Amino acid sequence: MKKIITAGMFLISASLTAEAQKPDGSNPKPFTESLMQESCTFLTSGRNTYCILEPGYQMEYEGMDGKDKVRLVVTVTKETRKIGNIETRLVTEDESLNGKRIEISRNYFAFCKETSSIYYFGEEVDIYKDDKISGHEGAWLAEGENKPGVDIPGLVLIGARFYQEIAPGIAMDRVEIIRTGETLETPAGNFISCMKTEETSPLEPGEREYKIYAPGVGLIQDETALLVKYGFVNL
């Protein structure tokens, strides 16, 4: 692999890997684990087509989980934290069910200057039950044997498959870009030229989640939760 990379090289690599299956489709397409982070100059702020990592950017979602109402608020904060030797940006997620908080996570991201990809360096998780912290399931940081994954690539290529989390035995979420050109209407507006992804994990065989991202905005649908409000807020 070349040391000097272009904005599209990561996804070109992912595409070639994805095409390595047999013509009859009997050999499953592998997910890329070599994500070239060692070639990146990381910044704590930045944006690409489908993600905004800038302090003050906030998105709110609402949806139904069966008969339960779900609400999620995602905020890019002013805070940063060094994980390993990389300074990352803190993004919080505050999730509630029927008005009661069920989870707060503190997520760490960094922007690759060379590729415009957003890398994910892990999360600290507080799970709530009856207004009290009951656990920290899914928490991990890109330290030791764990490695950062790519949250949103700088350039989009249909069929690209890559890991978002690389924490063996704890968090191994992976994603495939399955479609572009989607249109979706949400309470926050009507969005075109959207990207649809499928997320899976070897830790949860058979489970699949679908997400839709709008250009210049970010995530607009996470399963049944839809974007209801977005923009910059005072921190």
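Residues are numbered from 1 along each chain as its sequence is written, and side-chain values use heavy atoms, with hydrogens and water left out. Because the model is predicted, local features need pLDDT of at least 70 and side-chain atom pairs count only at pLDDT 80 or more, while totals for chains, interfaces and linings use all residues.

Let's start with the cysteines. With a disulfide taken as a pair of cysteine sulfur atoms within 2.5 Å, the count comes to 1 disulfide. Its partners are Cys 40 and Cys 112, whose sulfur atoms lie 2.2 Å apart. Cys 40 sits in the loop between helix 1 (9-18) and strand 1 (42-43) and Cys 112 in strand 7 (residues 100-112), so the pair ties together parts that are 72 residues apart in sequence. Helices (H or I, at least four residues) and strands (E, at least two) are DSSP runs, numbered from the N terminus. The torsion about the S-S bond is about -95°, so this disulfide is left-handed.

How covered are these residues? Cys 40 and Cys 112 are both buried; buried means under 20% relative accessible area, exposed over 50%, and partly exposed in between (1.4 Å probe, protein chains only). Cys 51 is buried because its relative accessible area is 15%, and Cys 194 is buried at 0%.

Now look at Glu 223, in the loop between strand 17 (218-222) and strand 18 (225-232). Its relative accessibility is 35%, so Glu 223 counts as partly exposed.
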